[in-house]
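Trainee: Please show me how to read a few features of this model.

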Amino acid sequence: GGGGGGGGADTADSPQRAPALRTIEPPGQAQFEDGSTLAVPLGSAVRDRAPPQRPPFEYAVSALQDLRHAVLTDLSLGRDVCLSGGRGTGKSHFVESLATDLGMDVEVFVLHRDLTARDLVQRRGVREGDGATEWLDSPLVAAARRGSLAILDG
């Protein structure tokens, strides 16, 4: 039940459809017709939506399509995007899939407790041939220089 103009009555056999995006007001807050919200800060965007209790398949597909559209929009406008969420929720897989579709490379940077500020930009490596040590770009800097997508994992 519940109005909203689509013509047909709801039945027990009808699949549940995903809530449609209603508005993006205030800026940075997407509101859906079911009352749920999605944080969409402009600039360096964080998209984090707690999954509903046992979402129907259609809901998950629609939410993923909405996320993909939002990320592609931000990337096309030259904005940075940050996906945040719990372990095993598919963030890395989403980025790798998106990169494949866009023909982009992905650099993975593993975060850990002992990470230093220098580790974010450089790492020590061994030069081929003479075995001398040298400073190399971190995966994060390498991604920025090449225009690749970066996954900060950890």
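This is a predicted model: local features need pLDDT of at least 70, side-chain atom pairs count only at pLDDT 80 or more; totals for chains, interfaces and linings use all residues.

Trainee: Which residues make up the largest nonpolar core?

Mentor: A nonpolar core is a set of buried (under 20% relative accessible area, 1.4 Å probe, protein chains only) Ala, Val, Leu, Ile, Met, Phe, Trp, Tyr and Cys residues joined through side-chain atoms within 4.5 Å. Here there are eight: L67, V71, F94, V95, L98, A99, L149 and I151. Helices (DSSP H or I, at least four residues) and strands (E, at least two) are numbered from the N terminus. α1 (57–76), α2 (91–102) and β9 (149–153) each give two or more core residues. The largest share, four residues, is from α2.

Trainee: Where does the charged end of R118 sit?

Mentor: A charge sits over a ring if NZ of Lys or CZ of Arg is within 6 Å of the ring centre and within 35 degrees of the ring normal. R118 sits over the ring of W135, 4.5 Å from its centre.

Trainee: Which residues lie nearest the centre of the largest pocket?

Mentor: Rolling a probe the size of a water molecule over the atoms shows where empty space is left. A pocket, on a 1 Å grid over the protein atoms alone, is an open set of points where a 1.4 Å probe fits, with protein on both sides within 12 Å along at least five of seven lines; lining residues have an atom within 4 Å of a point. V81, L83, A150, I151 and L152 lie nearest the centre, among 32 lining residues. β9 gives the most to this lining, five residues.

Notes
Residues are numbered from 1 along each chain as its sequence is written. Side-chain values use heavy atoms; hydrogens and water are left out. Buried means under 20% relative accessible area, exposed over 50%, partly exposed in between (1.4 Å probe, protein chains only).
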